[in-house]
Amino acid sequence: MDTKQRIGMIVHQDYYVDGRVRNYVSHLSQIKQGVDILCVRRRSDQAPVDDDLNVRVVTIPISRYQKRMNYAGEYFLAFWLYFFRITVLFFQNKYRVIHVHNMPDFLIFAALIPKLFGTRLILDIHDPMPEFYQSKFGAKENSFIVKFIKIQEKLSIKFANAVITANENFKEQLIQRGVPPSKIIVLPNVPNPKLFQPKKKLDQSDSEKIILIYPGTIAPRYGLHVVIQAIAILKEEVPNLTLQIVGSSNEYLTELECLSESLGVRRMIDFHPAVPIDQIPALMQQATIGIYPAIPDSHMEIATPTKVQEFVAVGLPVIASRIKVLTQQFSDNAILYFPPGDAELFAKQIKLLINNPSLAENMVVTARSEWKKFRDWDCEEKKYLKLLSSLK
């Protein structure tokens with residue numbers, strides 16, 4: 001692959017907290033490929049460390065989740081900002097490939113001018129928008145807005161030269177909606193092994209606190225209210241228990257704060273601001289148990305949770321909702337499952353791990369063994385670089 005020509009990327013997200021995009025840039029850095037990332041302003045509260053001279057981060061003058069703007073308004077404004085900025089950048093850099101990340105899918109049309117001049121476009125579907133919208137807003141599949149989202153998805157995929165998606169479940173959905181299988185390549189989310197390294201110890205015997213950690217999107221579909229309810233059940237029996245939630249402030253986080261106050265466990269909850277992905281491993285290293293209490297729906301059942309893989313890579317035992325995508329990958333010997341939404345059984349699983357250190361250690365070993373059978377960082381890197389080389 002010719003590394004003299006820079007590659008362009010567009011992502012409507014804070015680049016520094018988006019692990020998937022950071023992984024692609026890491027792959028490109030390995031071959032000294034220059035890349036420009038066009039994204040929103042940084043929202044993480046701590047300054048990132050990025051000394052790679054081949055990487056340039058260019059931002060548009062808005063951030064995600066504008067308080068005075070709804071999603072439609074934010075996407076509309078962002079689209080035109082990306083359109084004009086990527087057009088200027090294209091004439092300065094003559095990108096051979098522009099890699100566009102959803103959401104939204106139609107962001108790929110921001111690269112219209114480069115495409116007219118021969119630039120090849122990749123649409124990376126991190127999450128299929130129709131199912132994601134249904135999950136986030138409770139919309140019905142036959143509603144007008146969901147039908148409209150499917151139309152824009154179809155047009156966006158047709159406009160792209162190649163499509164990447166995050167797992168086989170997503171690929172199957174796209175094929176059912178008429179996308180040719182040959183146009184889709186699956187590149188799963190895989191934790192960067194340089195960042196997510198095993199803990200030196202598998203227990204927390206030298207610490208007074210027992211820390212449950214959840215880093216990521218703070219939204220009702222991730223079931224964090226269930227965890228707080230479980231903490232309340234255990235507050236007398238396990239007073240040294242702490243729940244650390246790492247993510248950006250929003251309305252749901254405010255609801256969680258109110259819930260923790262009403263249940264008398266506010267002191268046991270650490271609401272930690274969002275940080276760049278580089279700083280997540282250090283927080284995990286200090287934790288005792290990784291949690292993924294997702295509430296299943298048409299999207300959450302099949303969306304691969306990268307954070308669970310990160311827990312496994314670091315060496316944390318995991319308590320998670322029993323959902324399809326996890327049971328496809330991890331056995332009951334690798335993850336301690338509980339019925340989604342059941343705070344009492346979640347509390348029982350916490351107690352079980354706390355009282356059985358050997359169980360936690362065996363789970364970590366088993367989970368890592370099972371995970372390595374279906375995830376390979378080097379393999380995914382080769383697949384991505386091969387795709388780029390094929391887009392001539």
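**A walk through pockets, sheet and loops**

H4 provides the largest share of the lining of the second largest pocket, with 5 residues. The model is a predicted one. That pocket holds about 350 Å³ of space. In total, 15 residues line the pocket. Tyr 71, Tyr 75, Met 129, Tyr 133 and Ile 149 lie nearest its centre. Three helices each supply at least two lining residues: H2, H4 (129-137) and H5 (144-159). By class, the lining counts 12 nonpolar, 2 polar and 1 charged residues.

The peptide bond from Asn 102 to Met 103 is cis, with omega near 15°. A cis bond also joins Met 103 and Pro 104, and its omega is about -5°.

Next comes the sheet. It is open, with 6 strands in the order S10-S9-S8-S11-S12-S13, and the pairing is parallel. Which strands form the edges? They are S10 (269-272) and S13 (336-338), each of which pairs on one side only. From one strand to the next, the twist averages 20°. Within the sheet, S11 (residues 289-292) and S12 (residues 318-321) run parallel and are joined by 3 bridges. Ile 291 has Ile 319 in S12 as its bridge partner.

Helices pack on this sheet. H12 (residues 343-355) touches S8, S9, S11, S12 and S13. The direction of H12 makes about 165° with that of S13. H7 (residues 224-234) lies across S8 (210-215), S9 (241-246), S10, S11 and S13. Relative to S9, H7 runs at about 165°.

Rolling a probe the size of a water molecule over the atoms shows where empty space is left. How many cavities of 30 Å³ or more are there? The count is 1. The volume of the largest cavity is about 100 Å³. Among the residues that line it are Arg 20, Asn 23, Tyr 24 and His 27. The lining also includes Leu 187, Pro 188, Asn 189 and Val 190. Trp 377, Glu 380 and Tyr 384 line the cavity too. Two elements give two or more residues to this lining: helix H1 (19-30) and helix H14 (377-390). H1 gives the most, with 4 residues. By class, the lining has 6 nonpolar, 3 polar and 2 charged residues.

Lys 32 lies in the loop between H1 and strand S2 (35-39). Lys 32 is not a glycine, yet its phi is positive, at about 60°.

Notes
Residues numbered from 1 in each chain as written. Predicted model: local features only at pLDDT ≥ 70, side-chain atom pairs only at ≥ 80, totals over all residues. Heavy atoms only, no water. 1 Å grid on protein atoms, 1.4 Å probe; cavity = no way out; pocket = protein on both sides within 12 Å on 5 of 7 lines; lining within 4 Å. Points joined across faces, edges and corners; volume = space filled by probe spheres on them. Nonpolar A, V, L, I, M, F, W, Y, C, P; charged D, E, K, R; others polar. Pairing = 2+ DSSP bridges. Axes fitted to C-alpha atoms, helices over the stretch in contact; angles between N-to-C directions. Contact = heavy atoms within 4.5 Å.
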